[in-house]
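Dear colleague,

Please find the structure below, together with the findings that I wish to hand over to you.

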Amino acid sequence: MVSVRGEAAPVTAPEECITSLHGAGGERMGQLLREHVIRRFHRRSLGRIGLDQLDDGATIDLPSGGEVVITTDSHVVKPIFFAGGDIGRLAACGTLNDLAVMGARPLALTLGLILEEGFPIADLERILDSLDQALGEVGAALVTGDTKVMGRGELDGIVINTTGVGVAVPRAIGDANLSVGDAVLVTGTIGDHGMALLASRQEFHLTTTLQSDVAPIWPLVERALTAGGVRAMKDPTRGGLAAALNEMARKSQTSIEVDEAAIPIRDEARGLGELLGISPLDIANEGKAILVVGPERADAVLALLRSHPLGRDAARIGRVTAEYPGQVILRTEVGGRRFLEMPLGDPVPRIC
Ligand code: MG
């Protein structure tokens, strides 16, 4: 290390500091959690799924039998009001959907509010009403919370943490447990939230009719589960479909082969992706799930998904194979095959 004056400069190596990629849901965040976070905790599980599994939530075995599912999520989205939603709806749905994809009926939410001095109370009320609206869509209740205020300039407006508690119906479903031959379904169009959010950012000067898909999906998941045969679920949030599929393939040491042409993507999301140089497969969704289903029940699950307004565009996008354990293969629209890589993270920070 050499400075212009020829002295050693006391510079902290960049790899020793947190970067925005560490919070982006991809490869770099996983590395931070594995190497610096998880192993510092000595007790990490109270049931079948605990901290080590890095699933959408954790299960807690009840003495009376049955499983409670718990999950937590912080929301730092920018801008706080965007096409199709706001930070309040997002803070509810992010947590409710992590419960839903664990196969848990959402019961209760906590609310941790961190506000910057000067934040308009009218905006706060609008955000809280929106959060309550989303809770109402699944019949969940806000049962406790906490409020802190930081000084002007010490925080960008508002940060919301929510923790959710649900009951598994009848048993929690993880994001591993894939078997060769299983069908891979998505519940609707991919990339809507991330692309709509980027379009809402003033620096891009973009106009689009695209809206965020932010919605609580428990009613859709509950309906699909009645068909049976669902082996694994995950919501493709940060890092998008690409990150979620890669996580699922790695955990099960299977490969997932996806037909690019079968992935539902809105024209607006595709167009924005081309403009911004970002793949809709790499960016967050906030009202979608991936379901991995035994082949004999896949058609029945797909039909139930499509019968619900939130699942109208559901599609069978691929299958679990044994070819490249831990990898995702994309069969492209022109007939080639390539690996669909785990993204380093969401391509821009503060998507959710
Ligand atoms: Mg999740």
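Is Asp 98 buried or exposed? Asp 98 is buried, with a relative accessible area of 10%, where buried means under 20%, exposed over 50% and partly exposed in between (1.4 Å probe, protein chains only).

This is a predicted model, in which local features need pLDDT of at least 70 and side-chain atom pairs count only at pLDDT 80 or more, while totals for chains, interfaces and linings use all residues. Residues are numbered from 1 along each chain as its sequence is written, and side-chain values use heavy atoms, with hydrogens and water left out.

The magnesium ion is coordinated at 2.1 Å by Asp 56 (OD), Asp 98 (OD) and Asp 235 (OD); donors are N, O and S atoms within 2.8 Å of the metal (3.2 Å for Na, K and Ca), and sites may look incomplete because water is not among the atoms. The spacing of the donor residues in sequence is D-x41-D-x136-D. Asp 56 is also buried, at 9% relative accessibility.

The model has 22 salt bridges, each being a side-chain nitrogen of Lys or Arg within 4 Å of a carboxyl oxygen of Asp or Glu. One of them joins Glu 27 and Arg 250 (3.1 Å, N to O). Glu 27 is partly exposed at 27%, as is Arg 250 at 34%.

A network of salt bridges links Glu 257, Asp 259, Arg 319, Glu 323, Arg 331 and Arg 337. Within it, the closest N and O atoms of Arg 337 and Glu 257 are 2.7 Å apart, and those of Asp 259 and Arg 331 are 3.9 Å apart. Glu 257 is buried at 5%.

Yours sincerely
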